[in-house]
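Trainee: I have a model open and want to learn how to read it. Where do we start?

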Amino acid sequence: MSTSPRQRGRVAIIGAGPAGMAAALSVHQAGHEVVLLERYRQARPAGNILNLWPPPIKALGLLGVDTADLGAPCDSEFRNMHGHTRVRIELPEDVVRDYGGGFIGLLRPELYERLLAALPPGVLQVNRGVDSIEQDETGVRLLMSDGTVEEADVVIGADGIDSLVRRTLWGDSPKREHNLQIFGGFVYSDAVDAQPGVCVVSHTRTVQGSWTSIRHKGRNGFQWWVLEAQDAAVEFVGDMHAAATRLGADFPQPLPQLIAATDPADVQRWPIRDRKPLQQWSKGRATLVGDAAHPTSPYAAYGAGMATEDGYFLGRRLAGVNLSDYQAVRAALEEFEVPRKPHTARQCQQAYVLGQIFHHAPAPLRYVRDFVLDRTPFLQKLIGESSPGEILKQLALIDDAERAFAAESS
Ligand SMILES: Cc1cc2nc3c(=O)[nH]c(=O)nc-3n(C[C@H](O)[C@H](O)[C@H](O)COP(=O)(O)OP(=O)(O)OC[C@H]3O[C@@H](n4cnc5c(N)ncnc54)[C@H](O)[C@@H]3O)c2cc1C
């Protein structure tokens, strides 16, 4: 990409998660100077289990990330506790041909390693927490925890669910506690035998128990997670592996075997929460990406995916923009967020609602709920067709963005 010196500018990105790293790669490809500021001493994944849909994988490849042999593609099903299939996620032939399947199982550290390997030297600065942000029409000033000041033309908040940038732009908003807890872990195939290439999401009347193939650094394996209602105000004490074993016990094999074979050190727990979607992300010279813009429940299994897409689309939109021109920056940030907001808000809201339906339905309604889910096409239409259809539309939007980027570059 050749951007004229007039159009070069300096972009500061706060937070080196999937959103920040993808944004840094895309902004760099757009020809701007970029600095990625991370508060910790390294960009480190919070957790292990992860699945990615094809659009983020496609975006990563275009951003120069090595996606060869990244994860295990899976065919996905939702089942009831007796093994009856409620939903089969049908994918277009070209998606299966190009990506092997819809839901790609991997472990988070490998995604981070590959993102970090793609970042140009000097872009990532660690131990660089941002304490506050000031902006006017001429630029942005970041006051750093080490007492220094960073100046930039544009600031991108990729700083997660508790985003300082979001708070600075739009004020505080309460976290939405889902009152759910999830336990998850992984195990390699040499320790356990299960069917490869599938992702099975199952529900009893109150618990979700799921497992999926993974591939991590050339090794095949499985990740699993179990999820139940839990008052967010009650602190978890106890043995996570034992809690997961209890929750998985009512599910068909291989879930109980997978949990039993997992090293307790590889079991983790998270409370589930999000925040309601924002009406607007950008203000002045600042915008948001990833969980900072749309904190997403793990029930969506798409928060890191959407974060990656956000970063990709934002960088593409800033290509050719003269960042010293306030109006040009405003227009580009607005054009970035307009298509992203309905897509991400729908996914976040759907994840919240599904968590409520599956785990917080009053006991007398659970029979009716399960009758509807087992005997009507409601869930197939929602989870099997409509939602994956929306997600896979991002593939065509990425093609459009690449065409515009190529035209801008020529
Ligand atoms: C159990 C679980 C399972 C999940 N499963 C999936 C899945 O299968 N698929 C999927 O796509 N998503 C999944 N998600 C969601 C996904 O993890 C998040 O949506 C994703 O990590 C968001 O990425 P992000 O880059 O926006 O934010 P984060 O990953 O939260 O990164 C934010 C970064 O900003 C840094 N930071 C914060 N404040 C500052 C500051 N002031 N100064 C400097 N740095 C700062 C933080 O240290 C951090 O590195 C799951 C989440 C959980 C909890």
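Mentor: Start with a cut-off. A polar contact is a pair of N or O atoms within 3.5 Å. Keep in mind that this model is predicted.

Trainee: Which backbone atom lies 3.2 Å from a nitrogen atom of the ligand?

Mentor: A backbone N or O atom of A301 lies at that distance. A polar backbone atom of V130 is 3.0 Å from a nitrogen atom of the ligand. For A19, a polar backbone atom is 2.9 Å from an oxygen atom of the ligand.

Trainee: How much of the ligand's accessible area does the protein cover?

Mentor: On its own, the ligand has 1,000 Å² of accessible area, and the protein covers 88% of that.

Trainee: How many residues surround the ligand, and which are the closest?

Mentor: There are 30 residues around the ligand. The closest are E38, R39, N51, R108 and D291. By type, the shell holds 16 nonpolar, eight polar and six charged residues.

Trainee: Which element supplies the largest share of that shell?

Mentor: Helix α8 does, with four residues. At least two residues each come from α1 (18–29), β3 (49–52), α4 (108–118) and α8 (303–318).

Trainee: Now the surface. Which residues make the nonpolar patch?

Mentor: L365, Y367, V368, F371, V372 and F378 make a patch of about 580 Å². Helix α10 (residues 363–375) gives the largest share, five residues.

Conventions:
Residues numbered from 1 in each chain as written. Predicted model: local features only at pLDDT ≥ 70, side-chain atom pairs only at ≥ 80, totals over all residues. Heavy atoms only, no water. Near = heavy atom within 4 Å. Polar contact = N/O pair within 3.5 Å; in protein donor to acceptor, adjacent residues only side chain to side chain. Areas by Shrake-Rupley, 256 points an atom, 1.4 Å probe, with all protein chains shown as cover. Nonpolar A, V, L, I, M, F, W, Y, C, P; charged D, E, K, R; others polar. Patch = residues over 30% accessible without salt bridge, like charges linked within 9 Å, V, L, I, M, F, W, Y side chains within 5 Å. Salt bridge = Lys/Arg side-chain N within 4 Å of Asp/Glu carboxyl O.
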